[in-house]
Amino acid sequence: MKILKTIEELQEVTSSNKTKTTGFVPTMGALHDGHISLIKQARNENEVVVVSIFVNPTQFLPGEDLDAYPRRDEADKKICEMCKVDYLFMPDISTMYTEEEVLIKAPNNSYVLEGKTRPGHFDGVLQVVLKLFNLVQPTRAYFGKKDAQQLTLIQQMVKNLFLPIEIVPCEIVREKDGLALSSRNVYLDETQRKDALLISKALYSAASLVGKSELKASALKEKMQEVMQTLDVEYIAVVDRNFNEIEKIELKNSIILVVARFGNTRLLDNIWL
Ligand code: AMP
């Protein structure tokens with residue numbers, strides 16, 4: 001595995017692999033089994049695999065956890081090596097950004113849910129992902145369904161900007177007890193970690209109601225509120241796959257999303273139905 005730090009190094013790799021299929025997995029590091037599943041899928045489906053690790057400052061709002069975000073470069077390098085990654089791109093901030101930047105504006109439908117709580121967050125996500133896409137020029141890029149709204153906006157960007165890249169949505173990887181893996185789970189203390197289980201429990205209870213033909217969003221939300229009554233729930237949303245709120249589940253076109261707060265930590269989870 002080659003570790004790349006500069007734009008020139010990455011561009012050289014990109015141009016020498018032009019005739020090969022390239023799978024790309026962008027991450028912010030502190031790699032866990034969720035990231036690993038994306039990397040493994042990329043490894044299975046492509047001749048060349050590029051992973052990036054970059055804690056992107058433009059997607060953090062003032063006062064968020066940019067400085068505290070977990071960084072585990074050495075462990076991450078070993079994980080990538082074990083997953084047979086060909087190239088690991090780990091740029092500095094000054095490599096990715098200059099002082100004057102052309103800004104990318106996420107569409108209006110990004111200003112609901114995560115985009116509403118974190119205004120500007122998705123502008124930063126799209127900005128860095130577009131930069132990375134231009135550098136890596138992947139055949140396929142892999143994103144987790146865990147960040148459902150991010151995945152949808154990236155699919156929309158690729159379509160709107162005619163980028164010749166296939167976006168591959170990947171299933172959510174969970175701990176055995178149901179908690180969705182996240183780099184931010186390390187912020188949880190023992191009690192919070194235990195309480196956080198109620199999030200997936202609430203999602204499963206909604207899915208089980210849907211299995212019993214209860215499709216009304218209000219009934220599903222009510223059940224989920226009940227399961228999570230001891231938590232600080234920021235939102236429960238039932239949306240179609242374009243992120244319009246819906247009153248009734250449309251099977252194979254719906255997502256139920258939850259965000260709950262544990263101190264300063266926000267945990268996101270969702271289920272695609
Ligand atoms: P991050 O490092 O948090 O920016 O995540 C990098 C990629 O990994 C994104 O596409 C995430 O959606 C994905 N990801 C994070 N957690 C999980 C998970 N538990 N299961 C599947 N994919 C995940």
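Student: Let's start with F243. Buried or exposed?
Tutor: F243 is buried, at 6% relative accessible area. Keep in mind that this is a predicted model.

Student: Where does F243 lie?
Tutor: F243 sits in the loop that joins β7 and β8. Its phi is positive, about 70°, though F243 is not a glycine.

Student: And K252, where is that found?
Tutor: K252 is also placed in the loop between β7 and β8. Phi of K252 is near 70°, again a positive value in a residue other than glycine.

Student: Does K252 count as buried or exposed?
Tutor: K252 counts as exposed, with 72% relative accessibility. The cut-off for exposed is over 50%, so K252 passes it. F243 falls on the buried side, since 6% is under 20%.

Student: Which strand holds S254?
Tutor: S254 is in strand β8. Its relative accessible area is 0%, so S254 is buried.

Student: What lies 2.7 Å from a polar atom of the S254 side chain?
Tutor: The backbone oxygen of E250 does.

Student: Which residues does S254 touch, leaving out those up to four places away in sequence?
Tutor: V239, D240, R241 and I246 are among them. The list also includes I249, I271, W272 and L273.

Student: Switching to the ligand. Which residues come nearest?
Tutor: M28, H35, D147, V173 and L181, out of 17 residues around the ligand.

Student: How much of the ligand does the protein bury?
Tutor: The protein buries 92% of the 480 Å² that the ligand exposes when taken alone.

Student: Which elements supply at least two residues of the ligand shell?
Tutor: β2 (22–27), α2 (33–45) and β5. With three residues, α2 gives the most.

Student: OK, domains. How is the chain divided?
Tutor: Domain 1 covers 2–170 and domain 2 covers 183–267. Their C-alpha centres are 26 Å apart.

Student: Now the largest nonpolar core. Which members touch the most others?
Tutor: M96, F133, I154, I167 and L257, in a core of 43 residues. Elements that give it two or more residues include α1 (7–16), β3 (48–53), α6 (121–136), α7 (148–160) and β8 (254–262). The largest share comes from α6, with ten residues.

Student: What is M96 in contact with?
Tutor: Leaving aside neighbours within four places in sequence, its contacts include I7, F54, F89, P91 and V128. L132 and L135 are also on the list, as are E101 and K131.

Student: What other core lies apart from the largest one?
Tutor: One of 26 residues, among them A196, V210, A217 and I236. In soluble globular proteins, nonpolar side chains tend to be buried together.

Methods
Residues are numbered from 1 along each chain as its sequence is written. This is a predicted model: local features need pLDDT of at least 70, side-chain atom pairs count only at pLDDT 80 or more; totals for chains, interfaces and linings use all residues. Side-chain values use heavy atoms; hydrogens and water are left out. A nonpolar core is a set of buried Ala, Val, Leu, Ile, Met, Phe, Trp, Tyr and Cys residues joined through side-chain atoms within 4.5 Å. Buried means under 20% relative accessible area, exposed over 50%, partly exposed in between (1.4 Å probe, protein chains only). Helices (H or I, at least four residues) and strands (E, at least two) are DSSP runs, numbered from the N terminus. Contact means heavy atoms within 4.5 Å. A residue is near a molecule or strand if one of its heavy atoms lies within 4 Å of it. Accessible areas come from the Shrake-Rupley method with a 1.4 Å probe; for residues, only the protein chains shown count as cover. Domain bounds come from an automatic or database domain assignment. A polar contact is a pair of N or O atoms within 3.5 Å; within protein, one must be able to donate a hydrogen and the other to accept it, and residues adjacent in sequence count only if both atoms are side-chain atoms.
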